[in-house]
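Have the picture open while you read.

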Amino acid sequence: MSTNNNKLLVDIGSTYFKVSTADSIEQHFRDFNKRILDDLMHKCGDIVQSYEPENVHICSSANGGLSTLIIGLTHSYSLKYATNIAYNSGINVIDSIVFQDIEEYSIPSDLIDVVIIVGGIDSNGGVFDERLTSYLDKLNYSNVVYVGNKNDAQEIAKTVERLEILPNIIDDRLHIVETHLKDYLTNLYQQDIEGKEDIKDLYEVTGNQIYSTPFVVNKSLPLIHTSFSVTDPFILLDIGGATTDVHYSKDLVSDNIVTEQGHDRIVFKKLGVYKSRQSLIFTAENNEYAYELLMHLKVTENIYNEHSEKATKILMQLAIFLVLCKMSHYRPAYVTLKLLAMNSIVFTGGITKVLNTEDIEDVVAFFYRKILNSDHKPVTVLDSDYDIWTLGATEHAACQ
Amino acid sequence: MKVVTGVIGNDIHVVANRLMDLSLTARGYEVFNLGVNTYLEEFFDAAVETGAEILLISSLNGEAEGWGREVKLLKAKYKSLDGLTMMIGGNLTVGSGNAEDIVTRFKNYGFDLVCHQVDLNTGLDMLEEYMQEQKHS
Ligand code: B12
């Protein structure tokens, strides 16, 4: 039974929105002077109106997701586990703080959507003290959740207002327990999307819940083989206007995190080709190989100041290179992937409209040669028709 | 008593580690076994998260020397590990080596108990004695 022939799928991004019917996909640049609904109806009104609200499914990554700051005891356990859960719930990690040094950290000025406090197994205790409260007093945040050892929970609740206490994410064998924090964060994200005025408008055209895009993409990863010839392990790169999302097979990390799902997600917040263009350029300027890459692509740094099709293309190539660097030993982020073991690299999002396979393979090969000293060549797969997103959205729509 | 154990570095010799886990448990310790392929930072981090009193490191393949030199520097970054008892055992050098020299060297690296090619149970007896002494002093 085909379920989506009569369904309309809409994805709202920070730069583009796309509209998918059974026989076509349209993609439009957003007009930031208009509210999303007006923009959508202006450009695709006929299509949208031809569907009943219950057959319209919308997902959004337009607000860039929620932000979190994590306070934990150690990099290898509490901070790593919480970061992993946050990313997999579609939340962006602004900063992570090792509690023993909390006084040395600066206080971010931006409003933090949710603060996560974590540390210690349940038989441990007394690991936090008043420095926690004095830090939180100075911090500007909307929600705070405690997922650390049981013993300290009540003590912290006495001094931190509106503290949500959930079961420890570290079990007695030092393994990760995802469920409770993940559900909490996913719900928070969901409420945030629904609470945004701009997004609320969209309920005029849909009778279904609006989901976050990473949630939908994550749904499609186990099904990816049905549409593409992708060999495990693989990574999926979604280089967007504001952020870059990487979904990767668990097999690519040698790690103490053992979870149930086969794929994890990481987000590079300030890496994109439109809204985050400046910080992308900044990152490139601080990467000693980026200059060589530009030479290899036969352009100079002047390209950073150009606003042309060519410049966009080069920036996207740079973005691929920088993301791979960030995931490799060369620039360790919070995870390091075994990129030499990677068999496929899948690209989705706006990038597939600008670059062709050759452009991409050129950069990927440059990366492997320069950074990993290798001729390894993972198979490049381009999802130019947004099949991955459609897969996830369809799967989801079918479940509703 | 809580004890964190594992095999340091890129060392995959797992047999002694399994025996260690069993023996420690049989002797009544609460064991947090990080297994093979464990980095120094993970050992210290595990001690912090669990509140362990003892850190017991194995090294079999000859990597111990390199890691030993890192111990003081890294441990100095932790503010809650001053009371941690540190023990290392296995094959602590490449080849056979002189046990006495090795013990002195590793004590200088910051280990309280050093067991180069010492049988596991002998080593765990030493640990028990040492912990008793600590309690009384
Ligand atoms: C089996 C084995 C392997 C297997 C391991 C399988 C596995 N997954 O466990 C394989 C084939 C994979 C292997 C690989 C290698 N091995 Co190997 N291996 C052995 C071997 C034959 C037996 C080890 C064993 O399991 N013994 C049984 C256990 C119970 O005993 P044990 O490990 O000696 O531990 C005892 C004590 O040391 C003590 N103990 C251990 N830890 C601690 C800690 C404390 C606190 C205390 C008190 C006591 C203690 O308790 C145990 C029981 O009493 C030994 C040689 C030997 N006969 O010992 C070499 C040996 C350990 N391997 C060696 C080497 C060099 C290697 C390789 C580098 C070889 C190579 N060139 O590729 C690789 C390294 C791989 C890696 N990344 O670590 C050397 C190490 C030399 C050194 N340190 O100077 C040895 C000693 C062989 C030799 N004589 O050259 N190896």
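Predicted model: local features only at pLDDT ≥ 70, side-chain atom pairs only at ≥ 80, totals over all residues.

Residues are numbered from 1 along each chain as its sequence is written, chains are lettered from A and ligands numbered from 1 in the order in which they are written, and side-chain values use heavy atoms, with hydrogens and water left out.

**Domains**

Chain A is assigned domain 1 (8–63 + 196–215 + 389–399), domain 2 (66–188) and domain 3 (229–382). Such bounds come from an automatic or database domain assignment. Between the C-alpha centres of domain 1 and domain 2 of chain A there are 34 Å.

**A sheet in chain A**

Now for an open sheet of five strands in chain A, with the order β3-β2-β1-β4-β10 and mixed pairing. Strands here are DSSP runs (E, at least two residues), numbered from the N terminus, and two of them pair if DSSP finds at least two bridges between them. At the edges sit β3 and β10 of chain A, each pairing on one side only. In general, strands of a sheet pair through backbone hydrogen bonds, either parallel or antiparallel. Here are two pairs from chain A:

| Strands | Direction | Bridges | One facing pair |
|---|---|---|---|
| β2(A) (residues 16–20) and β3(A) (residues 25–29) | antiparallel | five | S20(A) and I25(A) |
| β4(A) (residues 56–60) and β10(A) (211–212) | parallel | two | C59(A) and Y211(A) |

β2(A) and β3(A) also make a hairpin, with four residues between them.

**Where chains A and B meet**

How many residues does each chain bring to the contact? Chain A gives 18 residues and chain B gives 16 residues, where contact means heavy atoms within 4.5 Å. The area buried between them is about 1,300 Å², with 46% from carbon and sulfur atoms; buried area is the accessible area (1.4 Å probe) that two parts lose on being put together, summed over both. On the chain A side, Y77(A), Q100(A) and L174(A) lose the most area to chain B, together 38% of what that side buries.

There are two salt bridges across this interface, a salt bridge being a side-chain nitrogen of Lys or Arg within 4 Å of a carboxyl oxygen of Asp or Glu. One of them links the side chains of E104(A) and K79(B), at 3.7 Å from N to O.
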